[in-house]
Amino acid sequence: MSGNDRIKETVETLRTWQNLERQALETTSSVMEKTDNPVIRQFMEIIRSDSLQHHRVQQFIINSFTKEAIKLSPDEMAEVWGEIEAHDKVEKKTIEIARRLKDECKFPVQRALLDYLITDEEKHDKLLQHLEEVKKGMYPYG
């Protein structure tokens with residue numbers, strides 16, 4: 001399979017995935033319209049928000065293949081790297097706090113939400129690790 005064919009297949013698959021994310025937006029919104037229960041609404045809102053963000057990221061990837069290649073210079077990275085490192089320290093502290101709270105919590109709904117927050121904060125930390133990998137691949141600041 002040629003490079004162009006792989007890109008075309010990737011874009012088509014991402015568009016299919018976007019359709020699924022739109023369905024998730026619709027179903028979570030539908031559930032939220034049918035209930036006033038704050039627990040159910042909170043869980044559906046989290047999923048809905050994540051699905052919206054997934055759709056945006058998928059579109060960013062599609063655009064990087066179909067409209068304009070991704071550009072990031074070493075100077076752009078260096079300009080903000082100190083702030084990114086500071087933010088990473090905040091992320092790690094939030095994970096510590098959330099884990100402690102979850103370990104101490106005896107209530108199932110609150111524990112589930114704390115677990116969600118831990119997972120999300122860990123995801124942020126992982127994203128910053130990926131960004132550091134990008135930085136390490138850049139010259140001369142890697």
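**Before starting.** I am working with a predicted model, where local features need pLDDT of at least 70 and side-chain atom pairs count only at pLDDT 80 or more, while totals for chains, interfaces and linings use all residues. Residues are numbered from 1 along each chain as its sequence is written, and side-chain values use heavy atoms, leaving out hydrogens and water.

**Entry 1: the largest pocket.** I looked up its volume and found about 440 Å³ of space. A pocket here is an open set of points on a 1 Å grid over the protein atoms alone, where a 1.4 Å probe fits, with protein on both sides within 12 Å along at least five of seven lines; lining residues have an atom within 4 Å of a point. The volume is the space filled by probe spheres set on the points, which are joined across faces, edges and corners. The lining is made of Val57, Phe60, Ile61, Ile70, Leu72, Leu127, Leu128, His130, Leu131 and Val134. Helix α4 (108-136) and α2 each give two or more residues to this lining, and α4 gives the most, with five. I noted that helices are DSSP runs (H or I, at least four residues), numbered from the N terminus. By class, I count nine nonpolar, one polar and no charged residues. Nonpolar covers Ala, Val, Leu, Ile, Met, Phe, Trp, Tyr, Cys and Pro; charged covers Asp, Glu, Lys and Arg; the others, Gly among them, are polar.

**Entry 2: the second largest pocket.** This one holds about 280 Å³ of space. Its lining includes Trp17, Asp50, Val57, Ile61 and Lys123. Helix α2 gives the largest share, nine residues. The classes come to four nonpolar, four polar and three charged residues.

**Entry 3: Asp50.** Asp50 sits in helix α2 (residues 38-66). From Asp50 to Asn63 I noted 13 residues in sequence and 20 Å in space, C-alpha to C-alpha.

**Entry 4: a nonpolar patch.** On the surface, I found Ile7, Val57, Phe60, Ile61, Phe65 and Ile70 in a nonpolar patch with about 520 Å² of accessible area together. Such patches take residues with over 30% relative accessible area and no salt bridge, joining nonpolar side chains (Val, Leu, Ile, Met, Phe, Trp, Tyr) within 5 Å. A salt bridge is a side-chain nitrogen of Lys or Arg within 4 Å of a carboxyl oxygen of Asp or Glu. Areas come from the Shrake-Rupley method with a 1.4 Å probe, and for residues only the protein chains shown count as cover. Helix α2 supplies the largest share, four residues. Ile7 lies in helix α1 (residues 3-34), and Ile7 counts as partly exposed because its relative accessibility is 32%.

Note on methods. Patches are made of residues with over 30% relative accessible area and no salt bridge: like charges are joined within 9 Å, nonpolar side chains (Val, Leu, Ile, Met, Phe, Trp, Tyr) within 5 Å. Buried means under 20% relative accessible area, exposed over 50%, partly exposed in between (1.4 Å probe, protein chains only).
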